[in-house]
Structures are given as structure tokens and as C-alpha cells.
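This report describes selected local features of one protein chain, with the criteria behind each term. The sequence and the structure come first.

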Amino acid sequence: MSKAFDKVWHEGLIYKLKTLGITGKLLMLLKCFLSNRKQRVVINGQKSNWLNINAGVPQGSILGPLLFLIYVNDLPKNLKSTVKLFADDVSLFSVVHNPITSANELNYDLRKINEWAYNWKMSFNPDPLKQAIEVLFSRKRTVVNHPDLIFNGNKLTRSNSQKHLGMILDEKLNFNEHISVKLSQARKLVGSLRKLYHLIPRKSLMTIYKSFIRPHLDFGDFIYDKPNNDSFCNKIESIQYNAALAITGCIKGTSRDKLYSEVGLESLKDRRWYRRLTTFYKIMKTKFPQYLFSIIPKSIIGIQTRSHLNVPLFNSRTEQFKNY
């Protein structure tokens, strides 16, 4: 959505608050919170006239994001495909059993979203670089013809990947592009770390590494991990090894185990494995969304005991399923 927080229609928001059962003094308080707000522009000491603000929620406030979520919360109603909202981003997705059926449903939903935006005085981003795009996720070898999707009078551009909540999702879901980008960012930061070796103490260098470099490698690691691929694991581990060399001033070729022991680091492979186990435990205990629990083989779900989970090994036909 384009400038979504600034375009929340006050009268529409009050109407939606009423439909949620908010009345009386609380409603009056929210009305006062939104009303009598003004703005002006100051450039080089020159001031414009004050203008009333009739739309938007105050950014930087606690209530602002909450009121915005209330305003857009009814967008997914009466849509046929699955909808995910995150702030002012909207994602639609459909499992394609029949390309024509899925395209018809998605086009129907895109029209409905456009109607919703018109009715509630919202608009979608006109910037060509931020237009809605379509990604076809498939590992099929045969090419399937998918009908075009139309939104806001324009045909959606198809892309090979899409960055979603910081994770680059490519059409084959092998995460190669995401890994490549994150490794490149981490390498540049490790280079900066080397330049700081003679300037700041080791403890500060470790803090910099853990705060600004390792998070690039940690984010989404239990999703993109390939625990049975030594080449993949070593490529990622080399980033932390080089960072440890930069922090300690040791020469290349120093034993990795001794180096990690000295600076108090565990291997990134162990960190990924720990998080995978933790995530799997939470899924089994249904502390994560139900759809994650539903895809676990029933032979595993059926042998839980009160004290612990007995999870047997099971055969996997593909390397991707084996990794996950």
C-alpha cells in the first residue's frame, strides 16, 4: 500500500471501531486522539500555513500501529485465496492444482482488493519498483502455462524471486539467492572488522560480530540449512572462521576448534541444528501454527509419550525433504 499510515480515513476508522463494539468514552477518547491535528512545512526558516489533518494515524505512537491494523483487518474477508498481512504489505498465494482455476481465483481477489482500497480511500504503490509482482514457486521440470494476473489495470510482472520479511524466496525454493546475498554482506563486514583489530579491544570486536555480522547468517538459517551438505556448511562456516581470525589476530590455518574455544564461539552448524531441534519440538507441542504440525508424518505424531517425544527416522525421497 502507498503511504498507508498516512491515508487512514478517520471517519472510516471510527466506523470500523463502532462495528467492533467500541462505544462510549473509549470511542470519544479515540476520536479526540485523531482530531484537531495540524501540520505545516518549514524550509530555511520559512513556514507554511497550518493545514488540518483529516487522514492518517500518528506515527511513533503506541496507538498508531494498532489503529492501522484495525483499519486494514477486514481486507481478507470474502477472498478465495490465502491472504497474509504484515503492516502495509499484502501477500496472496494459492496452491495450484489447476492453473486456470487458480488464476481466476487470484484475479477475483485482486479485483476485490482494488475495490476495498477504493471504498476505504487507500491506494497501492505507484512506484514501478514497488509494484505488485507474481512468483511461481515450483520444482517441476515440465513448464506449465499460467494465465496472466491483472491488478489495478496492469498485468503483474513475474519475478524469479521475492524478498519477504527479510527472506529472499526464489522460485525453486533452494534459497541460493538469499544465501549469496547474506554471505556477501557478512564478508564485507568481516573486512571492516579486520581494520578495527588494532583500534578496539577484543571484547568490543566480539560484540560487533555478534550484533552486526552473525545475525546475517542466523536469520532464517533453520529454513535454508542443508545439514548433510558439507560443502554448503563449510562455505557458511568460513565467514565465522574469518571473523574469529580478525578478532584474535591469528593467522589463516589456525585450528578452528582452538580458535572457537578461545573466543567462546560455537559453530554455526551447531547453532542451526539447535534451532532446528527447538523449532521441531515447538511444532510437535503445537506451539506453532497448526499447518506446520499437519504436515508431519502421522507415524511420528502417533508415538508421543508423556515424558518425551520418540521420533524415528523415516525415508525421504528427495534431498530437499531430507534437509527439512
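## Phe124 and the basis of the values

Phe124 has a relative accessible area of 18% and is therefore buried (buried means under 20% relative accessible area, exposed over 50% and partly exposed in between, with a 1.4 Å probe and protein chains only). The residue is placed in the loop between α4 and β7 (133-134); helices (H or I, at least four residues) and strands (E, at least two) are DSSP runs numbered from the N terminus. Between the C-alpha atoms of Phe124 and Ala4, which are 120 residues apart along the chain, the separation is 8.4 Å.

The model is predicted: local features need pLDDT of at least 70, side-chain atom pairs count only at pLDDT 80 or more, and totals for chains, interfaces and linings use all residues. Residues are numbered from 1 along each chain as its sequence is written, and side-chain values use heavy atoms, with hydrogens and water left out.

## Aromatic pairs and charges over rings

A pair of aromatic rings is described by the distance of the centres and the angle of the planes. Rings of Phe, Tyr and Trp (its six-membered ring) pair if their centres lie within 6.5 Å; planes under 30 degrees apart count as stacked, over 60 as edge-to-face and the rest as tilted. In one of them, Tyr71 and Trp116, the ring centres are 6.5 Å apart and the planes stand at 65 degrees, so the pair is edge-to-face. This pair links distant parts of the chain, with Tyr71 in helix α3 (residues 63-72) and Trp116 in helix α4 (residues 99-119), 45 residues apart. Both Tyr71 and Trp116 are buried. One aromatic cluster is formed by Trp9, Tyr15, Tyr71, Trp116 and Trp120.

Lys121 is over the face of Trp9, at 4.9 Å from the ring centre. Lys80 takes such a position over Tyr108, at 4.5 Å from the ring centre.

Helix axes are lines fitted to C-alpha atoms over the stretch in contact, and angles run from 0 to 180 degrees between N-to-C directions. Angles under 35 degrees count as roughly parallel, over 145 as roughly antiparallel, 65 to 115 as roughly perpendicular and the rest as oblique. A crossing is left-handed if the near helix is turned anticlockwise from the far one by less than a right angle, and right-handed if clockwise. Contact means heavy atoms within 4.5 Å.

Helix α5 (residues 176-195) packs with helix α8 (residues 230-248) at an angle of about 15 degrees, the axes being 9 Å apart. The two helices are therefore roughly parallel to each other, and their crossing is left-handed. The α5 residues in this contact include Ile179, Leu183 and Val190, and the α8 residues include Phe232, Ile236 and Ile239.

With helix α6 (residues 202-218), the axis of α5 comes within 8 Å and crosses at roughly 165 degrees. That makes α5 roughly antiparallel to α6, and the crossing is right-handed. Among the residues that meet here are Leu183, Leu189 and Leu193 of α5, and Leu205, Tyr209 and Phe212 of α6.

In helix α1 (residues 10-19), the buried residues are His10, Gly12, Leu13, Ile14, Lys16 and Leu17. Their cover includes α2 (24-34), α3 and α4.

Ser102 belongs to helix α4 and counts as buried at 6% relative accessibility. Beyond its neighbours within four places in sequence, Ser102 is in contact with Ser94, Val95, Val96 and His97. Leu85, in strand β5 (residues 82-86), is partly exposed with a relative accessible area of 33%. Leaving aside neighbours within four places, Leu85 is in contact with Val72, Leu75, Pro76 and Val90.

Most residues other than glycine have a negative phi. Asn36, although not a glycine, has a positive phi of about 55 degrees. It lies in the loop between α2 and β1 (38-39) and is exposed, with a relative accessible area of 76%.

Leu165, also not a glycine, has a positive phi of about 55 degrees. Its place is in the loop between β11 (161-164) and β12 (167-170), and at 47% relative accessibility Leu165 counts as partly exposed.

How values were computed. Lys NZ or Arg CZ within 6 Å of the ring centre and 35° of its normal.
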